[in-house]
Amino acid sequence: MGTSVFGENDFLACCGSTKFAREMASAAPFATYLQAVEAARDIWFNKVDVNGWLEAFTAHPEIGQAPSSIHKSPSSAQWSRGEQSTALATATDSTLQELYEANTRYRQKFGFVFLICASGRSTPEILAELKKRYPNRPIVEFEIAAKEQMKITELRLSKLFTIEESDASKSREQWNADVSATAEEDRLSIIGSHLTAATKAPVGLPSQIPTRTRPPITTHILDVARGCPAAGVEVLLEKWQSSNTRPVFGETARDCWIYEGSSTTDKDGRSGQLMGVVDALDPGVYRISFNTGKYYPDGFFPHVSIVFEVRESQKWEHFHVPLLLSPFSYSTYRGS
């Protein structure tokens, strides 16, 4: 089998993120379809930022609607029509209207189009999945949408490659097995690694003692109401320092929180340096606070504080505390 060479426009048809297309073109050529899929998964989950994810989501029409006539990738528009062919063939006027209304509610809640790998799915199936996912928290739904985008990307990459059916079947089986295994693990680990763009330890160093290139505690804020990174949010990092080993719930001990650093999020929603770059993080209890009241003056939360503990066995790890924010709700989790 020969090596297949594709350019940015080819990869842009597979995934509407320009960052993804550039990275794939840079990583090319790929000898096999499976090699391209492996590269695509690494780039999508670890190198494309939140803006790139949202850009890719925006490239898709709502299920049941035709792609724009001025779509930036004609191939993508053509493939999108083909992927929705089963849905359109099984739709009625009433189900199309219901789908339109459900899509509108979804976009209003989450800030981006409902994304699903629609190939071979009927309109009733898609409607059922949309209703099932609608109650999700924004952070969960954002991750699901990213995984669905990867499924679509894999499907479209297969259209770029001339491969034997047995190889294609084997590759898809491996992908499905990987997705199933991931679903049984921490479902937030992929989006966490994506948002942090974790730096791997150089070869030859013990994996538990990396040489850091960034501070061990970082953060990143996504404004889910507007569907974009939250810029200009003030962030404060503090460490608990007291004769007691840790703060006790319900007790006020303001003087025990020691200032570590502060910053303001940039246009990508990322904070600047909150502490120095050290290999071993001092174990203890930390608090990271966000001035959400200044960002959303009419919002419900004047500020948001997250308290977490770093144990002795975790001092070599990196701790990323992403925040998904809207005027009246927020979600957070630890990214690796």
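This short talk walks through the fold, the helices, the nonpolar cores and the salt bridges of the chain shown above.

Before anything else, please keep in mind that this is a predicted model, in which local features need pLDDT of at least 70 and side-chain atom pairs count only at pLDDT 80 or more, while totals for chains, interfaces and linings use all residues. Residues are numbered from 1 along each chain as its sequence is written, and side-chain values use heavy atoms, with hydrogens and water left out.

Let me begin with the chain as a whole. It contains twelve helices and eight strands, where helices (H or I, at least four residues) and strands (E, at least two) are DSSP runs numbered from the N terminus. Of the 336 residues, 47% are buried, and by buried I mean under 20% relative accessible area, with exposed meaning over 50% and partly exposed in between, for a 1.4 Å probe and protein chains only. The accessible surface comes to about 16,600 Å², and carbon and sulfur atoms account for 51% of that; these areas come from the Shrake-Rupley method with a 1.4 Å probe, and for residues only the protein chains shown count as cover. If we take contacts, that is, heavy atoms within 4.5 Å, between residues at least 6 apart in sequence, then 70% of them join residues at least 24 apart.

I turn now to helix α9, residues 138–160, where 20 of the 23 residues are buried. Its end C-alpha atoms lie 33 Å apart, which agrees with the 33 Å that its 23 residues should span at 1.5 Å a residue, the expected span being 1.5 Å times one less than the number of residues.

The largest one has 53 residues, among which Phe 11, Phe 20, Met 24, Trp 44, Phe 57 and Leu 157 touch the most other members. At least two residues each are supplied by α1 (8–14), α2 (18–27), α3 (33–46), α4 (50–58), α7 (93–110), α8 and α9, and the largest share, ten residues, comes from α9. Leaving aside neighbours within four places in sequence, Phe 20 has contacts that include Phe 11, Trp 44 and Thr 153. A second, separate core of 22 residues includes Leu 237, Tyr 295, Val 310 and Leu 325.

In helix α8, residues 123–133, the buried residues include Thr 123, Ile 126, Leu 127, Leu 130 and Arg 133. They cover an arc of only 135 degrees around the axis, which puts them on the same side of α8; the arc is that of the directions from the helix axis to the C-beta atoms.

Finally, the structure holds 14 salt bridges, each defined as a side-chain nitrogen of Lys or Arg within 4 Å of a carboxyl oxygen of Asp or Glu. Arg 133 pairs with Glu 141 at 2.6 Å, N to O, and here Glu 141 is buried at a relative accessible area of 0%, as is Arg 133 at 3%. Lys 294 and Glu 234 form another, with their closest N and O atoms 2.8 Å apart, and this pair links distant parts of the chain, with Lys 294 in helix α12 (residues 292–295) and Glu 234 in strand β3 (residues 234–240), 60 residues apart. Lys 294 counts as exposed at 54% relative accessibility, whereas Glu 234 is partly exposed at 32%.

Methods. Core = buried A, V, L, I, M, F, W, Y, C linked by side-chain atoms within 4.5 Å.
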